[in-house]
Amino acid sequence: MATNFSSIPVIDYSLAADAATKPQLLAALRHAVTHVGFFYLAHHSVPPELVAAATAYCPRFFALPAAEKERIRMVHSPHFFGYSRFGAELTKGAVDQREQFDFGTHYPDVWVPGQPEHLRLWGPSQWPAESLLPGFRRSFEDYVQKCQELANDVLALVAEALGLPRDAFAHFFEENNQDRVKIVKYPAPTGDSTQGVGPHYDSGFLTLLLQASPHRGLQVQNVSGEWVDATPIPGTFVVNMGKAMETVTQGVAIATTHRVLSPEKDSTPRYSIPFFQIIKRGTVIGDEVLDMPVEILKIKETRGQIGSDAVNYAEYHTLPSGEVALIGRVKSHPDVAERHYPELFKKYFPDGLPSQGSAY
Ligand SMILES: O=C(O)CCC(=O)C(=O)O
Ligand SMILES: [Fe+2]
């Protein structure tokens, strides 16, 4: 019988610490990962003071002088890091009503011409001037380091929940892996569109999303195609799986489609901070799928077909994952692609920059 969901489960991370309660956690996690693709993670390990500091910087970042935001605009970065103006981004070809700042964990500028182009996606971030936003960079570096640790631990728990060794996913990361993070602002709508971000899958393994204001807006698509609210729960992360995780688990773990609706008219802005766990770049991960236990594979037969309005990241079975990631970025930020990846830009936008969605 097909299983559907009408709410997002809450998983209590603290149950992992005690051998007596861990089986309960693993059972809940197995259900969440295989039937919903989303869960709230309560009692997690990222210190509340780091969460509070990151949250407090959100409105302050977007209130920076326009000239400073221009200086660190994403169009200056072949790594797709930096500030994107309102309306600069596309999902499924339609303009997202959000403003954002993308950055990554530390990675040096090592790409040289002649190397595969997709390797250039990893590189240094652009940061606002310390004098204009004191402590911003340091606070986010500390916060993100704790997110990385938590994501790695949750990933090991997911492996256990799926009957795999705890380190089953370890070989999908590079030695000096670069994860990506965003700070996002969704203002109240001024026109007709309420597409904060359109329906999509995330790309990598786990996403840890901090809903950094109390606004609703995040929605998750269930098996029947209905949109289920992921209303913010204080003290939690929303965790979901990306298309890479779905691919390497032979579709057992699901990359669930999600979207964000703009806040109500005249409301204050909604803020969020997604942390994306990124995987290694050089191989076709569809060729390296994990050997899943038979009883886990059976879950796919009983849970029913997953409905989806998302179309992105279908190429994991045919292209190296680094190329898949670069294509995703090119499609969502054509103005950056036009400047730094002209060949790919021409391939995906043969008619030139879309009239909307351009940051120029
Ligand atoms: O802002 C949110 O709540 C979700 C954002 C999101 O799904 C994304 O940027 O991939
Ligand atoms: Fe997402």
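## Close-up views of a predicted model

**View 1. Contact of helices α2 and α4.** From α2, the residues L50, A53, A54, Y57 and F61 meet F136, S139, F140, D142, Y143 and K146 of α4; two residues are in contact if their C-beta atoms, placed from the backbone, lie within 7 Å. This contact divides into 8 nonpolar, 1 polar and 2 charged residues. Ala, Val, Leu, Ile, Met, Phe, Trp, Tyr, Cys and Pro count as nonpolar, Asp, Glu, Lys and Arg as charged, and the others, Gly among them, as polar. Helix α2 covers residues 48-62, and its axis lies 9 Å from that of α4 at an angle of about 135 degrees. Axes are lines fitted to C-alpha atoms, for helices over the stretch in contact, and angles run from 0 to 180 degrees between N-to-C directions. The two helices, α2 and α4, are therefore oblique to each other; angles under 35 degrees count as roughly parallel, over 145 as roughly antiparallel, 65 to 115 as roughly perpendicular and the rest as oblique.

The model is predicted: local features need pLDDT of at least 70, side-chain atom pairs count only at pLDDT 80 or more, and totals for chains, interfaces and linings use all residues. Residues are numbered from 1 along each chain as its sequence is written, while chains are lettered from A and ligands numbered from 1 in the order in which they are written.

**View 2. Contact of helices α1 and α4.** Helix α1 (residues 22-36) and helix α4 (residues 136-161) have axes that come within 9 Å and cross at roughly 90 degrees. Therefore α1 and α4 are roughly perpendicular to each other. On the α1 side, L26, L29, R30 and V33 meet L157, V158, E160 and A161 of α4. The contact of α1 with α4 has 6 nonpolar, no polar and 2 charged residues.

View 3. Around ligand 1 are K182, V184, V197, D202, L209, L218, H258, V260, S272 and P274, each with its C-beta atom, placed from the backbone, within 6 Å of the ligand. At least two residues of this shell come from each of the strands β7 (180-186), β13 (258-261) and β14 (270-276). By class, the shell around ligand 1 has 6 nonpolar, 2 polar and 2 charged residues.

**View 4. Elements of the protein chain.** The protein chain has 10 helices and 14 strands. Helices (H or I, at least four residues) and strands (E, at least two) are DSSP runs, numbered from the N terminus.
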